[in-house]
Amino acid sequence: MTVGVEAGADGGPDPGDVFDSACPGRAVFDHVTNRWGMLILATLHGGPLRFFELRDRIGGITEKMLSQNLRTLVRDGLVGREVRATAPPSVTYRLTPLGHGLAERLLAVVGWIRGNVPQILDAQTRHDTLQRGEAGQVTPGGGRARP
């Protein structure tokens, strides 16, 4: 994996260089790495779901946020939307082949987090304890120590 600015085919910035603020890939990066985008893609990896099923499986997401993120992921070509002409219309969401490739990688991140939460919580506790200890220390000048 190369990190940094590389030239595109036309000599301009590489359109896939998300480290460049003008990169069009930066917007896609934001769409898939935000909390809801990741959870939607990971949830759809299990198979097609209707809107309410997605909403119910992703704790804490509002219908508005789910709707906004689904629209974005459909536009990015990561999620497909199928509407059946029933009364009321039935809408099903599924990963596209492109979305499947991404979801596989996101599931690795989700699995890593799941497997390392105890160590992360321990590190947070140690950090917070240290910070509280430093906040109470008096510096040689008579003031409080800064974190």
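Modeller: pLDDT is the predictor's confidence in each residue, from 0 to 100. This is a predicted model, in which local features need pLDDT of at least 70 and side-chain atom pairs count only at pLDDT 80 or more, while totals for chains, interfaces and linings use all residues. Residues are numbered from 1 along each chain as its sequence is written, and side-chain values use heavy atoms, with hydrogens and water left out.

Colleague: What pLDDT does the protein average?

Modeller: The average is 87, and 84% of the residues score at least 70. Over residues 1-5, however, pLDDT stays under 50. Where pLDDT is low, the predicted coordinates should not be read in detail.

Colleague: How many helices and strands are there in the protein?

Modeller: Helices (H or I, at least four residues) and strands (E, at least two) are DSSP runs, numbered from the N terminus. The protein has five helices and three strands, in the order α-α-β-α-α-β-β-α from the N terminus on.

Colleague: At what angle do the axes of helix H1 and helix H2 cross?

Modeller: Axes are lines fitted to C-alpha atoms, for helices over the stretch in contact, with angles from 0 to 180 degrees between N-to-C directions. Those of H1 (residues 24-33) and H2 (residues 35-44) cross at roughly 70 degrees and come within 4 Å. The two helices are therefore roughly perpendicular to each other, a term for angles of 65 to 115 degrees.

Colleague: Which residues make the contact?

Modeller: Contact means heavy atoms within 4.5 Å. His31, Val32 and Thr33 of H1 meet Arg35, Gly37, Met38 and Leu41 of H2.

Terms used:
Parallel < 35°, antiparallel > 145°, perpendicular 65-115°, else oblique.
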